Amino acid sequence: MLPNDFHYNVGISACGKGEQWKRALALLSEMRGAKLEPDVISYSAVISACEKGRQWQRALALLSETRKKMLEHNILACNAGISACEKAAQWQRALALLGEMREAKLEPSP
């Protein structure tokens, strides 16, 4: 049985929990190589992994990619992006992302 998007999403989430952001990014790339289209769950999990790995620039790039692909932002992805910015003392970018969330009518969680 070939892995599907569910399998990749579970693997990416596990990488995030294990603070393996590089492996999470590799799985996202592998998913694309397998002709599977990452969804908002895939991106949220990778963004969260990047946040835990203090990779704020990658987290924001992935958030931008979701917008380009017309995927809906979700609260988890945006919160992870804000947290990544906070950990890197990028408060201006965190505030900008918070503003984007408000425009999208997403309520940040505490």
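This is a predicted model: local features need pLDDT of at least 70, side-chain atom pairs count only at pLDDT 80 or more; totals for chains, interfaces and linings use all residues.
Ser42 is a buried residue, with a relative accessible area of 0%, and its place is in helix α3.

The side chain of Ser42 is joined to that of Asn9 by a polar contact of 2.5 Å. When neighbours within four places in sequence are left aside, Ser42 is in contact with Asn9 itself and also with Ile12, Leu28 and Met31.

Ala45 likewise has its place in helix α3, which covers residues 40-52. Because buried means under 20% relative accessible area, Ala45, at 10% relative accessibility, counts as buried. Not counting residues up to four places away in sequence, Ala45 touches Ile12 and Ser13. From Ala45 to Ser29 the separation is 16 residues in sequence and 13 Å in space, taken from C-alpha to C-alpha.

Val46, too, is placed in helix α3, and its relative accessibility of 0% makes it count as buried. With residues up to four places away in sequence not counted, Val46 touches Ile12, Ala24, Leu25, Leu28 and Leu62. Between the C-alpha atoms of Val46 and Ala80, which stand 34 residues apart along the chain, there is a separation of 9.6 Å.

The table sets out the accessibility of these residues.

| Residue | Relative accessibility | Class |
|---|---|---|
| Ser42 | 0% | buried |
| Ala45 | 10% | buried |
| Val46 | 0% | buried |

**The nonpolar core**

The largest nonpolar core has 28 residues, and those that touch the most other members are Ile12, Leu28, Val46, Ile47, Leu60, Leu62 and Leu63. At least two residues of this core are supplied by each of α1 (5-17), α2 (21-33), α3, α4, α5 (75-87) and α6 (91-103), and the largest share, six residues, comes from α3. Val46, named among those core members, has Ile12, Leu28 and Leu62 among its contacts, while Ile12 and Leu28 are also among the residues in contact with Ser42.

**The largest pocket**

The elements α1, α3 and α5 each supply at least two lining residues, with α3 giving the most, seven residues. Divided by class, the lining of this pocket has six nonpolar, seven polar and three charged residues.

**The largest cavity**

The structure holds one cavity of 30 Å³ or more, and about 30 Å³ of space lies in the largest cavity. Ten residues line the largest cavity, and the closest to its centre are Val40, Ser44, Thr66, Glu72 and Ala77. Two or more lining residues are given by α3 and by α4 (56-68), and the largest share of the lining, four residues, comes from α3. The lining of the largest cavity divides into five nonpolar residues, four polar and one charged.

Technical notes. Residues are numbered from 1 along each chain as its sequence is written. Side-chain values use heavy atoms; hydrogens and water are left out. Buried means under 20% relative accessible area, exposed over 50%, partly exposed in between (1.4 Å probe, protein chains only). Contact means heavy atoms within 4.5 Å. On a 1 Å grid over the protein atoms alone, a cavity is a set of points where a 1.4 Å probe fits but cannot get out, and a pocket is an open set with protein on both sides within 12 Å along at least five of seven lines; lining residues have an atom within 4 Å of a point. Grid points are joined across faces, edges and corners, and a volume is the space filled by probe spheres set on the points. Ala, Val, Leu, Ile, Met, Phe, Trp, Tyr, Cys and Pro count as nonpolar, Asp, Glu, Lys and Arg as charged, and the others, Gly among them, as polar. A polar contact is a pair of N or O atoms within 3.5 Å; within protein, one must be able to donate a hydrogen and the other to accept it, and residues adjacent in sequence count only if both atoms are side-chain atoms. A nonpolar core is a set of buried Ala, Val, Leu, Ile, Met, Phe, Trp, Tyr and Cys residues joined through side-chain atoms within 4.5 Å.
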